[in-house]
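Please keep the sequence and the structure in view while reading.

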Amino acid sequence: MTWVLSRTTSGSRYSGRVPTTTRPRLELDPLVVRRARSLARQAGRPVVRLAQRHTTVSVERATLRLAGLSGADHERVPWVNHLVEAVRGQVGLECGVTTPVWDALRRGEAEDLLTLAQKAASDSISFRLPTGPELTRSRRAARAAVATGIRTVDRQRAARERLVRRLGDPKQRPWIYLIVATGDIDEDIPQAQAAAREGADVIAVIRSTGQSLLDYVPEGATHEGYAGTYATQENFRRMRAALDETSKEVGRYVRLTNYASGLCMPEIATLAGLERLDMMLNDSMYGILFRDINPVRTFVDQRFSRQIHARAGIIINTGEDNYLTTADAVDAAHTVTVSQLLNEYFAKEAGLQDWQLGLGHAFEINPDLPDSFRLELAHALLARTLFPDAPLKWMPPTKHMTGDVFRGYLLDGFFNLVGAMTGQGILLVGMMTEAVVTPFLSDRDLALQNARYVLTAAGGLTEDFHPPRDGFIQTRAREVLGESVQLLERIVDDGLLDAIGDGTFGLMRRPADRGKGLEGVLEKAEGYDNPAVTLLEEGRST
Amino acid sequence: MSDTHTLVRPYGDTTGDGMVQVSFTLPLPCDKRAEGAALQLAKKMGMEPALLVHAKAMGPDYTFFVVYGSVSHLVDLRDVTVVERRYPLLTAKEVNLAIKRTLRRKLVVVGACIGTDAHTVGIDAILSLKGFAGEKGLEYYREIRVVNLGAQVLVPELVARARAERADAVLVSQVVTQRDAHLHNTSAMSAAFREAYPAGEVPLLVVGGPRFEEGSAASLGVDRIFGRGTTPGEVASYLVHELAA
């Protein structure tokens with residue numbers, strides 16, 4: 001690493017917590033804060049119950065992946081898809097995929113899981129739902145097989161913790177987050193390594209456009225993507241191995257990020273756990289709103305994926321920044337807060353801890369608006385104050401980047417300054433060529449210089465920056481919190497699913513009985529069993 | 001500037017000084033040789049004298065340069081031709097307003113990838129809220145009702161749905177070009193629509209994809225072809241121009 005920042009955050013690396021004495025004060029009414037959280041819980045709870053009553057094809061496929069089933073046929077259709085479809089066709093998935101699968105294995109229909117999947121693909125296996133002692137034995141066998149995957153996830157988490165102990169975390173907060181996206185994993189690797197050497201603490205490999213709507217996870221190393229690289233297990237493995245090398249070289253653990261979103265959210269989360277990814281984009285409502293994925297499908301999938309992330313020690317990143325690209329960043333500021341509170345509730349319900357909540361927000365206020373910077377400060381500080389122990393993810397301007405790269409560079413500087421002043425946890429580095437071209441090597445270098453300069457020059461400002469009592473910033477923060485409570489009250493009255501159906505978030509109407517992936521949602525039957533969920537919820541590994 | 005000035009040069013701080021500023025990266029380690037290479041490039045770009053004001057190493061193998069200098073080139077305004085778009089580019093607000101005023105109802109767009117094409121990238125870029133190149137898709141427009149049928153839609157299904165939804169326009173994306181699939185699919189689609197609708201009532205047929213030839217719309221039987229890099233705003237403006245103007 002060629003640069004070292006003077007600011008030290010003694011002993012609080014994981015939490016992202018600014019020491020209490022220096023934390024800027026917003027003086028929010030603790031009663032209002034408590035009310036907001038309690039409303040979020042009330043709004044979220046029925047959705048969690050709904051998620052608990054259902055499973056999806058992707059949850060079932062993820063479970064098979066934990067049991068070690070991987071690979072695809074000559075047409076690149078994954079074996080997990082074949083097996084889940086075969087079971088669904090014969091006995092349904094209402095009792096889970098694992099019971100009929102391990103029953104078939106116990107009956108000697110095939111010598112192992114892969115062979116079973118291959119035979120099932122050619123329709124030469126007959127599945128059944130066992131009963132009595134056979135049911136118990138099938139379930140036990142399934143649990144033992146799935147537990148091996150859970151143990152791999154545990155081992156990878158331990159490996160990360162060991163590497164962080166040995167190599168260390170970044171010396172500064174926020175961590176510097178950079179995006180790589182060439183479409184070809186072999187091109188991504190040298191770019192990611194170069195970015196890490198230039199100072200990036202977190203590398204995100206952005207996915208190919210359209211992957212979120214594929215109902216299968218592509219297999220193997222991929223070399224062609226549209227505006228991004230496909231998320232595959234092999235791509236994950238290669239990139240993590242390369243960054244492990246670079247981490248040793250630069251003397252700090254460089255984190256890797258991908259996207260657990262879209263129709264295969266549970267499977268991608270599982271692959272991330274198995275291949276030691278460190279952060280995953282995982283928003284509770286993004287797929288519904290921006291990809292028109294069925295709301296029930298999304299909530300079921302995100303609960304399972306968050307349970308995996310919790311177990312794997314993965315930090316999730318939520319996508320509140322997206323609301324501000326469609327709605328006005330001032331008028332809709334409270335929708336960000338509401339979504340953060342809902343994301344927090346769903347995350348904690350799934351077992352994630354505060355240090356794993358990279359709740360998102362963004363610098364998207366129109367710079368031509370008077371006091372735009374003060375408003376940004378108020379909003380960022382509100383998020384910081386509401387979630388003091390979460391490593392908030394601070395996202396750069398995109399909507400008001402015009403192609404005037406010089407002005408864009410200045411905006412990015414102000415964005416960095418808000419990040420430094422308000423003690424954000426993860427800072428996505430803004431590019432002055434946003435919305436112009438795929439960043440040049442030099443754009444990335446200039447962007448990192450910008451972030452470095454601001455963090456070095458002003459990183460300590462969290463210590464001095466105390467907005468005055470009842471001043472502009474405190475007042476604005478309270479106003480946004482107040483609007484958030486009002487919106488949450490409405491959501492609780494209408495029900496969250498109806499609120500989504502009515503276009504409350506990001507102006508999109510998404511009814512619960514519509515959207516992509518609905519055909520992959522199933523109501524669980526009485527005898528439903530999923531050993532992965534059991535192991536995750538019990539916190540056990542055998 | 002008066003019309004008599006047909007020759008112009010860039011303006012730094014004095015008329016006719018020809019001053020420009022450029023920045024670029026060379027795949028060379030940052031040293032005297034790299035600086036010489038940068039100046040050589042500047043000279044070949046017509047900058048003379050060129051002033052290398054900044055050189056910075058980016059890792060061991062690359063150097064970033066900022067160069068100021070006077071270009072020897074003259075621009076002859078008589079040789080400048082402007083290709084006019086046949087319709088104005090509108091903002092989302094203007095699109096909504098035009099539809100509201102002219103149609104007095106929502107404009108209905110049905111979109112799909114037809115045939116075996118599973119690449120919804122194009123149609124999603126234009127239709128989905130997420131959009132493309134920083135522009136929101138047609139779903140974002142309050143006065144446009146979008147029905148996105150997704151991938152691998154059969155032509156008869158598309159026609160039936162377009163009729164059921166009373167589509168004003170049908171948007172079809174074709175990315176796969178193996179054995180000219182995009183051309184066959186497009187012709188089949190337009191033929192099916194012309195068969196199913198009375199003459200003059202066929203919805204506006206629009207196809208998009210990276211490999212269509214510009215100007216082949218008529219021969220394929222569609223109203224308009226959009227190529228690579230088309231943004232939702234351009235499509236929305238076109239729809240308004242054709243249907244609500």
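In chain A of this predicted model, 78% of the contacts with a separation of 6 or more are made by residues 24 or more positions apart. Of the 542 residues of chain A, 57% count as buried.

**Chain A: overall form**

- The secondary structure of chain A consists of 19 helices and eleven strands.
- Along the principal axes, the C-alpha atoms of chain A fill a box of roughly 70 × 55 × 40 Å.
- The radius of gyration of chain A is 23 Å, which agrees with the value near 24 Å that a compact globule of 542 residues would have.

**Chain B: the sheet and a helix**

- In chain B, three strands form an open sheet in the order β2-β4-β3, with antiparallel pairing.
- The edge strands of this sheet are β2 and β3 (47-58) of chain B, each of which pairs on one side only.
- On average, neighbouring strands of the sheet are turned by 20° against each other, direction ignored.
- Eight bridges join β2(B) and β4(B) in the antiparallel sense.
- B:Thr25 has B:Phe64, in β4(B), as its bridge partner.
- Helix α1 (residues 32-44) of chain B lies across β2, β3 and β4 of chain B, and runs at about 140° to β3(B).

**Where the chains touch**

- The contact between the chains takes 20 residues from chain A and 18 residues from chain B.
- On the side of chain B that touches chain A, the elements giving two or more residues are β2 (19-26), β4 (62-71) and α3 (121-127) of chain B.
- By class, that side of chain B has eight polar, seven nonpolar and three charged residues.

Note on methods. Residues numbered from 1 in each chain as written. Chains lettered and ligands numbered in written order. Predicted model: local features only at pLDDT ≥ 70, side-chain atom pairs only at ≥ 80, totals over all residues. Contact = placed C-beta atoms within 7 Å. Helix = DSSP H or I, 4+ residues; strand = E, 2+ residues; numbered from the N terminus. Nonpolar A, V, L, I, M, F, W, Y, C, P; charged D, E, K, R; others polar. Pairing = 2+ DSSP bridges. Axes fitted to C-alpha atoms, helices over the stretch in contact; angles between N-to-C directions. Rg over C-alpha atoms; globule rule 2.2 N^0.38 Å. Buried ≥ 20, exposed ≤ 12 C-beta atoms within 10 Å, placed from the backbone.
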